[in-house]
Amino acid sequence: MDNNDIQDNPSTPQDEKFEHMKLSAWESVKSFFIELFDIQSDTDRDATIEAVKKDISFKGHTAWILIFSIFVASIGLNVSSAAVVIGAMLISPLMGPIVGIGLSVAINDVDTMKRSFINLGVMVVLSVMTAFFYFSVSPLTKETAELVARTYPTVLDVLVAIFGGLGLIVAKTKSGTIASVIFGVAIATALMPPLCTVGYGLAVGNFSYAGGALYLFSINAVFIALATFIVAKILRFPLVRYANSQRRKNTARIASLVALIVIVPSIYLFIKLLDQEVFTNKAEEFVDTQIKYEGAEVVKFTQNYESKMIEIYLIGRPVPQDEISVWIKKLHETDQLGDVDLRVYQGTDQSDELTERISGSLKADILSELYVNNEQRIRDKDERITFLEDEVARLSVKETVPFEEVSKEMKITYEGLETFGFSRRINTDFSKIDTIPVFNISWNKAVKSKDRAANAAKISEILKIRMKLDTLLVVEMSK
């Protein structure tokens, strides 16, 4: 007897009818959610494997696309343009070999695994060399916000790589790949900017930048491959079959070893980065909420996860040692900060250490902020000074040059002279600045070219005598 018969049968007890109604509702809800999240039925495993293998290859067009996209990304990082960097990531072919590694480990395909590692290595080397070349010849070598942001990973980078990799492989397994998802993952996981930053670090000799950026790229690559491996296992992609049983066993062992090498360090790395992120957030929260004293102001604070140290710089009213001891006690009672030391530097502290720090990093930060805030104002003042200098030079002509008398004399002396002008030209050889008087003349068409040159030379000599000058220029103006 089905549910409808039970509901329609008047002899069925009410309690039994209610139980069947609850069961029917539960089955409907369960069926809805199973269908909502089911990706097994619409997965094309063979087509996915073939598509992933096709994207692993790196030669010809793909190599040139990578080189050009690296140039675009490097320019974007160089000028701190997020839009340009995003555009470069959209055309980058870097994800193909990484996904290939994760899938090949999942299906025990050693040949595809080897090909993926080789192509990934070539891509990384070519990317770094291209970025190194660009930053070596580029006149712009200043650090930008986009470059600095790619010098060290955070736990957020790990989470983005994990969920981005999951989204990527799920999109690839669907019948009819969702291209928009693949583009989105290319932007979110940001594989290319760290490689460009590696090239920048090598070009400017900052090896800590290069190492940190390579570390960030490695994290992204590992977690994308790990996400691919997990999804392929969940969806039960078919294992590669080998005729030789011994080779099948060896292949399975190699794949398991590679999976273990990837998974175990990844878990450790994630936990470490998570601890570091928690430490940073807790330290900032502690300073914001606990370090308060009337008349004193926190001008700067730093936290160091490795040394477990928080350093605070105060100005204003001196904070008594009893109050600092209370801060230290609260710090040790704070979750995740129990083993952290607190060091407080005050404006009244005349120790050599404080003096050195104030004149070093803290002073640099303050000066940098002042420079950024006043750069435009200084530029405006320079432009105004230049304008006023030009005005002074123009107005001083009337005082130093009897222009009206000289111009009349030149007109009477030289027939065919149509215009006569005067100005001052400011020249520099970058060691000194000179102001040179310049007389501009023009002739009518009846005056021959050889006569013009001879007359110009005579005018120059006459003006030197009249003006009592050793140097001046007579320039013929074209009409």
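This is a predicted model: local features need pLDDT of at least 70, side-chain atom pairs count only at pLDDT 80 or more; totals for chains, interfaces and linings use all residues.

Two packed helices are described by the angle between their axes and the distance between the axes.

**Helices α6 and α12**
- Helix α6 covers residues 95–106 and helix α12 covers residues 207–234; their axes come within 7 Å and cross at roughly 40°.
- Because of that angle, α6 counts as oblique to α12.
- The crossing of these two helices, α6 and α12, is right-handed.
- On the α6 side, the contact is made by I98, V99, G102, L103, V105 and A106.
- On the α12 side, the partners are A221, I224, A225, T228, F229, A232 and K233.
- Sorted by class, the contact of α6 with α12 holds 10 nonpolar, two polar and one charged residues.

**Helices α11 and α12**
- Helix α12 also meets helix α11 (residues 192–204): the two axes come within 7 Å and cross at roughly 165°.
- With that angle, α11 is roughly antiparallel to α12.
- Here the crossing of α11 and α12 is left-handed.
- From α11, the residues P194, L195, T197, V198, Y200, G201 and L202 take part.
- They meet F207, Y209, A210, A213, L214, L216 and F217 of α12.
- This contact of α11 with α12 has 12 nonpolar and two polar residues, and no charged residues.

**Helices α16 and α17**
- The axes of helix α16 (residues 403–413) and helix α17 (residues 449–467) come within 12 Å, crossing at roughly 150°.
- The pair α16 and α17 is therefore roughly antiparallel, since angles over 145 degrees count that way.
- α16 passes α17 in a right-handed crossing.
- V406, E409 and M410 of α16 touch I459, I462, L463 and R466 of α17.
- By class, the contact of α16 with α17 is made up of five nonpolar, no polar and two charged residues.

**Helix α7 on its own**
- Helix α7 runs over residues 110–137, and its 28 residues should span 40 Å at 1.5 Å a residue.
- At the start of α7, a side-chain oxygen of D109 comes to within 3.4 Å of the backbone nitrogen of D111.

Methods
Residues are numbered from 1 along each chain as its sequence is written. Side-chain values use heavy atoms; hydrogens and water are left out. Axes are lines fitted to C-alpha atoms, for helices over the stretch in contact, and angles run from 0 to 180 degrees between N-to-C directions. Helices (H or I, at least four residues) and strands (E, at least two) are DSSP runs, numbered from the N terminus. Angles under 35 degrees count as roughly parallel, over 145 as roughly antiparallel, 65 to 115 as roughly perpendicular and the rest as oblique. A crossing is left-handed if the near helix is turned anticlockwise from the far one by less than a right angle, and right-handed if clockwise. Contact means heavy atoms within 4.5 Å. Ala, Val, Leu, Ile, Met, Phe, Trp, Tyr, Cys and Pro count as nonpolar, Asp, Glu, Lys and Arg as charged, and the others, Gly among them, as polar. The expected span of a helix is 1.5 Å times one less than its number of residues. A polar contact is a pair of N or O atoms within 3.5 Å; within protein, one must be able to donate a hydrogen and the other to accept it, and residues adjacent in sequence count only if both atoms are side-chain atoms.
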